[in-house]
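Please consider the predicted model shown below. The paragraphs that follow lead from individual strand pairings to the arrangement of the domains.

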Amino acid sequence: MHEPEGTGSTRALARARAELRLQRFRLTVVAGPERGRSVEVGADEITIGTAPGNDLVLEDHAVSRHHVTITSTPRGALVRDLGSTNGTKVNGVPVERAYLLPGATISLGHSELRVEPAGETHEALSAEDRYGRALGTCPAMRRIFALLPRLAAADATILLEGETGTGKSLLAEAIHEASPRASGPYVVVDCGAIPPTLIESELFGHEKGAFTGAATTRIGAFESARGGTLFLDEIGELPIEMQPKLLRALEERVVKRVGGNESIRLDLRLIAATNRELREEVNRGRFRSDLFYRLATMRLRIPPLRERRDDIPPGSSV
């Protein structure tokens, strides 16, 4: 059949904008020192505790620095205890992780919060099921893929959080390749694979004769990544005594080689990743809170495979 003259070519139908609908929740403090205060939970995770960087700060001495996180998921609001000293209760029952129904009460220390519905939030999903070499067909991953172009375009530090095997290293590489620094070097350091006695030299380099065995001058990862991206994998394994030195390098944007006096100015973008819950590590005194906040300028949580059933190959087990 021929098209009638003058009608032109057939137009493709516009694709509907893919989006993820999530329930919003309002948390209201109904008992405790901060009674009357409230915070809303949407697509982004919120944290509650006594530390100033939390979304809801409770002046309650029985509450930990980082006590719980709450996230809106397709199954409802999910609360996770962050290894707090006095624990978390939902409707009077101690929990480490629980989904919250409207009207539920969360007990933290001497404080109580009530959960109430607060409408919906709509999150854009990528039309693609990949970003670089990272693959994902489930809505949670496609939401991340929709966010990544904006994150890649920025030059801020990114912290990727997620269990082993969730694809953090693939996402870090993809962010670099999509960033304005793509033509520069991409340097990877696995903080968990380097002996504590060598980590400072690995990151900052050393001068000849700085220590036994230092037969030549060696530049470190920070210098090697000049003009590009430095990816610090397993940042949660960084020894506590090394953390102030990394913090100083990030704050001052300069490093000194071990055994050297010259200040070397940095020109790089930092991406860090961890399979640990760093806020739990802060609570336990194993990770500095100021370094956590410096690294978490932009945070991205990669959901575990058990929450991404569509991304598990047939025949695999999780």
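Strand β3 (residues 46–49) is joined to strand β5 (residues 68–73) by 3 bridges, and the two run antiparallel. Within this pairing, I46 has I70 of β5 as its bridge partner. Strand β3 also pairs with strand β4 (residues 56–57), here through 2 bridges and in the parallel sense. In that case I48 is the residue of interest, with L56 of β4 as its bridge partner. Strands of a sheet pair through backbone hydrogen bonds, and this pairing may be parallel or antiparallel.

The side chains of β3 may be considered next. I46 and I48 point one way from the strand, while T47 and G49 point the other way. The residues on both sides, I46, I48, T47 and G49, are buried.

The loop between β3 and β4 contains N54. Is this residue buried or exposed? N54 counts as buried because its relative accessibility is 6%, the cut-off for burial being under 20%. A polar atom of the N54 side chain lies 2.9 Å from the backbone oxygen of A51. Leaving aside residues up to four places away in sequence, N54 touches T47, I48 and G49, as well as R65, H66 and Y293.

At the level of the whole chain, the division is into domain 1 (19–122) and domain 2 (126–307). How far apart are the centres of domain 1 and domain 2, and what is the extent of the contact? Taken over C-alpha atoms, the centres are separated by 29 Å. The contact involves 17 residues of domain 1 and 13 residues of domain 2. The size of an interface is often expressed as the accessible area lost when the parts come together. By this criterion, domain 1 and domain 2 bury about 1200 Å² between them, and 44% of this area is on carbon and sulfur atoms.

Methods: Residues numbered from 1 in each chain as written. Predicted model: local features only at pLDDT ≥ 70, side-chain atom pairs only at ≥ 80, totals over all residues. Heavy atoms only, no water. Buried < 20%, exposed > 50% of the residue type's maximum accessible area, 1.4 Å probe, protein only. Helix = DSSP H or I, 4+ residues; strand = E, 2+ residues; numbered from the N terminus. Pairing = 2+ DSSP bridges. Polar contact = N/O pair within 3.5 Å; in protein donor to acceptor, adjacent residues only side chain to side chain. Contact = heavy atoms within 4.5 Å. Domains from an automatic or database assignment. Buried area = accessible area lost by both parts, 1.4 Å probe.
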